[in-house]
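Please read the sequence alongside the structure shown below, and keep both in view while following the paragraphs after it.

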Amino acid sequence: MGRIIGIDYGRKRVGVAASDPLGIFATPLGCVPSAKIVEYLKNYAQKETIDLFVVGNPKNLNNLPSENTKYVEMFVKHLRKEFPQLPIQMEDERFTTTIAQRAMIEGGMKKSQRSRKGAADAISAVLILQSYIDRSNNVLKQQNL
């Protein structure tokens with residue numbers, strides 16, 4: 001079984017996470033400049049099998065598209081062109097940055113480490129991917145009942 005890649009797309013930086021081979025948990029891979037994300041993913045795909053991309057879907061609290069939605073849609077279109085054989089799922093990313101910041105504080109990260117550009121982006125990618133994994137596993141459990 002291949003890996004599932006979680007992506008928190010931003011106009012400047014992209015947080016990236018990957019599942020374990022069994023698709024049970026997500027771990028951060030890091031943060032990549034937006035202009036280099038496709039190259040990064042192609043290099044990753046040469047080392048690991050990728051089964052699926054899960055991209056954070058930016059929405060406002062009222063469930064309407066956010067200001068960043070158009071950029072994410074353009075990225076997804078480009079991703080489909082570069083990886084036509086791989087499915088792409090969208091996952092709600094509301095509150096991931098806030099939760100990531102809180103996790104860094106509760107995890108004991110110093111303020112200087114938390115302010116490092118990209119730290120929250122990589123954690124947000126983990127949250128997006130883990131949310132997808134958990135939801136998918138719950139659906140499978142319900143189908144087997």
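Is Glu48 buried, partly exposed or exposed? In this predicted model, Glu48 is partly exposed, with a relative accessible area of 30%, a value that lies between the limits of under 20% for buried and over 50% for exposed. The side chain of Glu48 meets that of Arg3 in a salt bridge, with 3.2 Å from N to O. This pair links distant parts of the chain, since Glu48 is in the loop between helix H1 (37-47) and E4, whereas Arg3 is in strand E1, 45 residues apart.

Of its 145 residues, 41% count as buried, and the chain exposes about 8700 Å², of which carbon and sulfur atoms supply 53%. Among contacts with a separation of 6 or more, 63% are accounted for by residues 24 or more positions apart.

The salt bridges come to 4 in number, and two further examples can be followed between named elements. Lys42 forms a salt bridge with Glu82, the closest N and O atoms being 2.6 Å apart; because Lys42 lies in helix H1 and Glu82 in helix H2, the pair ties together parts that are 40 residues apart in sequence. Lys42 counts as partly exposed at 37% relative accessibility, and Glu82 is likewise partly exposed, with a relative accessible area of 26%. Glu91 forms a salt bridge with Arg135, and here the closest N and O atoms are 2.4 Å apart. Glu91 belongs to strand E5 and Arg135 to helix H5 (residues 119-143), so this pair ties together parts that are 44 residues apart in sequence. Glu91 counts as buried at 6% relative accessibility, while Arg135 is partly exposed, with a relative accessible area of 41%.

Since Tyr9 lies in strand E1 (residues 3-9) and Phe75 in helix H2 (residues 69-82), the pair ties together parts that are 66 residues apart in sequence. Tyr9 is buried, with a relative accessible area of 14%, and Phe75 is buried as well, with a value of 5%. The rings of Phe53 and Phe83 have their centres 5.1 Å apart and their planes at 65 degrees, so that pair is edge-to-face. It links Phe53 in strand E4 (residues 50-57) with Phe83 in the loop between H2 and strand E5 (88-92), 30 residues apart. Phe53 is buried at a relative accessible area of 0%, and Phe83 is buried at 5%.

Asn68, in the loop between E4 and H2, is in contact with Tyr9, Gly10, Arg11 and Pro58, leaving aside its neighbours within four places in sequence. Arg11 in turn lies over the face of Tyr71, at 4.4 Å from the ring centre.

Phe25 lies in the loop between strand E2 (13-19) and strand E3 (26-33), and at 45% relative accessibility Phe25 counts as partly exposed.

Notes: Residues are numbered from 1 along each chain as its sequence is written. This is a predicted model: local features need pLDDT of at least 70, side-chain atom pairs count only at pLDDT 80 or more; totals for chains, interfaces and linings use all residues. Side-chain values use heavy atoms; hydrogens and water are left out. Helices (H or I, at least four residues) and strands (E, at least two) are DSSP runs, numbered from the N terminus. Buried means under 20% relative accessible area, exposed over 50%, partly exposed in between (1.4 Å probe, protein chains only). Rings of Phe, Tyr and Trp (its six-membered ring) pair if their centres lie within 6.5 Å; planes under 30 degrees apart count as stacked, over 60 as edge-to-face and the rest as tilted. A charge sits over a ring if NZ of Lys or CZ of Arg is within 6 Å of the ring centre and within 35 degrees of the ring normal. Contact means heavy atoms within 4.5 Å. Accessible areas come from the Shrake-Rupley method with a 1.4 Å probe; for residues, only the protein chains shown count as cover.
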